[in-house]
Amino acid sequence: MIKLESVSKHFGAYTAVDNVSYTVSQGESFALLGPNGAGKTTIVRMLLDFIPPSEGALTIHDVPVSNPESRKTVGYVAEQHRIPPHLSGREYLLRHASLMGLTGADAKSESLRVLEMVSMTGQEKKKASAYSKGMKQRIGLAAALMGEPELLILDEPIAGLDPIGIRDVRKIIEHFREQGGTVVLNSHLLSEVEKTCETAAILYKGKILIKDSIHAIVKENETLEDVFIRYVERENE
Ligand SMILES: Nc1ncnc2c1ncn2[C@@H]1O[C@H](COP(=O)(O)OP(=O)(O)OP(=O)(O)O)[C@@H](O)[C@H]1O
Ligand SMILES: [Mg+2]
């Protein structure tokens, strides 16, 4: 579903992503982990063609990400999802629907469907300026779920959510995966990643230290957090 081949990104003299290669299969749920500044969001931004790689190739469904076709079946939520404050959740989703080519009754029914999925039914008429952080996050996720994508790319989807919000996002992801969807996410909430994802990679200063199934990475009597700290502290020494 996703393939990165020897991908690097330099910002001036600084190398944010350093010769990264990995694949994510269809139906996989993959978490990219790593300390602040490791390069996780930079990889997401290259996958969505917001910025070009300095070196290497990225494809989705074997289509180079520089081709907009690659994003046809992709839903995405940004790290700091912003909704114009004067728009209501409903207006925002209708706009998003229109960008996807949905109008009239189709746009309305798709908006209602995704609002229901993120448990925001009844709150859609409030302006974004009156939404809490978690409510904005849910609306962002609703927009990403529009048009039944095959791949969800989520940059810290649960940051700032309350425990119920975290559980709700977990359920949405589980439901999405039951339908055969592929999920790629960045997160620092490792106990949640352990519950939600099958595979993970640890990125450190732009380099992949390990990518494997979480089952293989985490030994008995250990948590994913223990593994993360072990890997990162070894590099910090
Ligand atoms: N446009 C840019 N210009 C210069 N440097 C950048 C730019 N974008 C990112 N960087 C640098 O690249 C590195 C990786 O940033 P990135 O946002 O990918 O980290 P991250 O792993 O997502 O971190 P976090 O966990 O804090 O979200 C950082 O050192 C950052 O300062
Ligand atoms: Mg980030």
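In what order do the 4 strands of the open sheet stand, and is their pairing parallel or antiparallel? The order is β2-β1-β4-β5, and the pairing is antiparallel. The model is a predicted one, in which local features need pLDDT of at least 70 and side-chain atom pairs count only at pLDDT 80 or more, while totals for chains, interfaces and linings use all residues. Residues are numbered from 1 along each chain as its sequence is written, and chains are lettered from A and ligands numbered from 1 in the order in which they are written. Helices (H or I, at least four residues) and strands (E, at least two) are DSSP runs, numbered from the N terminus.

**Strands and pairing**

- Two strands are taken to pair if DSSP finds at least two bridges between them.
- Strand β1 (residues 2-11) joins β2 in the antiparallel sense over 7 bridges, with K3 opposite T23 in β2.
- Strand β6 (residues 74-77) pairs with strand β7 (residues 151-155) in the parallel sense over 4 bridges, and V74 stands opposite L151 in β7.
- Both faces of β6 are covered, with V74 and Y76 buried on one side and G75 and V77 buried on the other.
- A residue is buried if 20 or more other C-beta atoms lie within 10 Å of its own, exposed if 12 or fewer, and partly exposed in between, with C-beta atoms placed from the backbone.
- In a regular strand the side chains alternate between the two faces of the sheet.

- The residues around ligand 1 (C-beta atom, placed from the backbone, within 6 Å of it) are F11, Y14, A16, G34, N36, G37, A38, G39, K40, T41, T42 and E79.
- Two or more residues of this shell come from each of β2 (14-24) and α1 (40-47), and α1 gives the largest share, 3 residues.
- The shell divides into 4 nonpolar, 6 polar and 2 charged residues; Ala, Val, Leu, Ile, Met, Phe, Trp, Tyr, Cys and Pro count as nonpolar, Asp, Glu, Lys and Arg as charged, and the others, Gly among them, as polar.

- Helix α5 (residues 163-178) has 16 residues and reaches 22 Å from its first C-alpha to its last, close to the 22 Å expected (1.5 Å times one less than its number of residues).
- Its buried residues are G165, I166, D168, V169, I172, I173 and F176.
- Seen down the axis of α5, these residues fall within an arc of 160° (taken from the directions from the helix axis to the C-beta atoms), so they line one face of the helix.
- On the other side of α5, P163, I164, H175 and E178 are exposed.
- Just after α5, G180 has a positive phi of about 95°.
- G181 lies in the loop between α5 and β8 and counts as buried because it has 22 C-beta neighbours inside 10 Å.
- Leaving aside residues up to four places away in sequence, G181 touches E150, L152 and F176 (contact: C-beta atoms, placed from the backbone, within 7 Å).

**Helix α3**

- Helix α3 has 14 residues, and its buried residues are E110, S111, V114 and L115.
- These cover an arc of only 135° around the axis, which puts them on the same side of α3.
- The face turned away from the buried side carries the exposed residues A105, D106, S109 and E116.
- The buried residues of α3 pack against α2 (89-99) and α4.

How values were computed: Contact = placed C-beta atoms within 7 Å.
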